[in-house]
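Subject: Structure handover

Hello,

Here is the structure I promised to pass on. Please open it beside this email, and my notes follow below.

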There are 2 protein chains.
Amino acid sequence: MDISHPAVHPVGVPPAEARPPPRVRMKEWQGMPATAGGLTLRLGQFSFAVISFTMVVSISNFSTVTAFCYLVAAMVLQSLWSLTLAIIDIYALLWKRSLRNSLLVSLFVIGDWVTATLTLAAACASAGITVLIDNDLGACAQNHCGRYEVAVSTTFLTWVLITMSFFFTFWLLATR
Amino acid sequence: MDISHPAVHPVGVPPAEARPPPRVRMKEWQGMPATAGGLTLRLGQFSFAVISFTMVVSISNFSTVTAFCYLVAAMVLQSLWSLTLAIIDIYALLWKRSLRNSLLVSLFVIGDWVTATLTLAAACASAGITVLIDNDLGACAQNHCGRYEVAVSTTFLTWVLITMSFFFTFWLLATR
């Protein structure tokens, strides 16, 4: 339409934009960085990671199994990452910042993907050991199967939430 | 520039397009569906999945451990998926089809993500058990640690390749 009507504007008045830039529409997507949904996901990840960590650490001889030591390390990393991102989200929500900087979003995507992969790896390795103790060896009498199962379940829940964050952030990076 | 020169074209001759659509540029990305790179990734996934499957199945008592049974099931699923996608890629390359249909790409993304997750889960669960047998219990004399380690390594390699396919396809879906 603009082609058939040459633009005539008073000096200093910018021409009206017919189409808003796509980032305005994307702001509506709850779950992306700097949204209430995104903050909820981060707080959920942090809470489940802390529960999983506490469950494993409360078992006296957990350190005899490498997979559980790895689970503890992965949960520490995951909780620190989620807490950091939650603080950034709170800052962005309070001061109305958009967090759409390309470098920042790339950093979020890489961090989310790395922690999601490490968390899933920890959950699966621990689940393998728990199923071995419980089903294959039937040795729950000498081991704390219940606590291990809670730890594995909360680790899987952490992974579900961090994967959701990853998808939202990766989509944001790809469609910027 | 077009604004100052009104378009005057003979009937039947379409106006020249100043900017080619973005999908022309994306075709160059090796690794996406219907490219030689994409086909190589699929064949690599299939080969590593078959090696992993063969290694575990060659051990007589692998079925006593649930994690290894799950590894076998995951490798069967992964090899079938990768083989199917490889055949689709070969078809697309031979008949010069683009495979940029929205529904088809969504199906590839979902399939890649599901098989990548199941493959990583199988690799980590088996790695947890292998490390338990080898490092924590020191029971390699009674078990086939070497074969388990090869199976776990090839499963991780399968996961690396399927993850690369997933990223290429997800990027294609997000930027279509």
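Which two residues of chain B form a disulfide with their sulfur atoms 2.0 Å apart? They are Cys140(B) and Cys145(B). A disulfide here is a pair of cysteine sulfur atoms within 2.5 Å.

Some ground rules before the rest. This is a predicted model, where local features need pLDDT of at least 70 and side-chain atom pairs count only at pLDDT 80 or more, while totals for chains, interfaces and linings use all residues. Residues are numbered from 1 along each chain as its sequence is written, chains are lettered from A and ligands numbered from 1 in the order in which they are written, and side-chain values use heavy atoms, with hydrogens and water left out.

Cysteines

The whole structure holds two disulfides over all chains. In chain A, Cys140(A) is joined to Cys145(A), S to S 2.0 Å. The torsion about that S-S bond is about -100°, so the disulfide is left-handed. The link of Cys140(B) and Cys145(B) is left-handed too, with -100° about the S-S bond.

For burial, I use relative accessible area: buried is under 20%, exposed is over 50%, and partly exposed is in between (1.4 Å probe, protein chains only). Cys140(A) is partly exposed at 27%, and Cys145(A) is buried at 7%. In chain B, Cys140(B) is partly exposed at 26%, and Cys145(B) is buried at 7%.

Cys69(B) is partly exposed, at 30%. Cys124(B) is in no disulfide either; its nearest cysteine sulfur, that of Cys124(A), is 5.5 Å away. Cys124(B) is buried, at 4%.

Aromatic rings

Rings of Phe, Tyr and Trp (its six-membered ring) pair if their centres lie within 6.5 Å; planes under 30 degrees apart count as stacked, over 60 as edge-to-face and the rest as tilted. The count is 19 aromatic pairs over all chains. One of them is Trp113(A) with Trp159(B), stacked at 6.0 Å centre to centre and 0° between the planes. Trp113(A) lies in helix 4 (residues 102–136) of chain A and Trp159(B) in helix 5 (residues 145–175) of chain B, so this pair joins two chains. Helices are DSSP runs (H or I, at least four residues), numbered from the N terminus. Trp113(A) is partly exposed at 29%, whereas Trp159(B) is buried at 13%.

Phe170(A) and Phe170(B) have ring centres 5.0 Å apart and planes at 15°, so they are stacked. That pair also crosses between chains, from helix 5 (residues 145–175) of chain A to helix 5 of chain B. Both Phe170 residues are buried. Ring pairs link residues of both chains into a cluster, including Trp113(A), Phe170(A), Trp159(B) and Phe170(B).

Largest pocket

A pocket is an open set of points on a 1 Å grid over the protein atoms alone, where a 1.4 Å probe fits, with protein on both sides within 12 Å along at least five of seven lines; lining residues have an atom within 4 Å of a point. The largest one has a volume of about 430 Å³, which is the space filled by probe spheres set on the points, joined across faces, edges and corners. It has 23 lining residues, and the closest to its centre are Leu132(A), Ile133(A), Leu137(A), Leu132(B) and Leu137(B). Helix 4 of chain A gives the most to the lining, with four residues.

Best wishes
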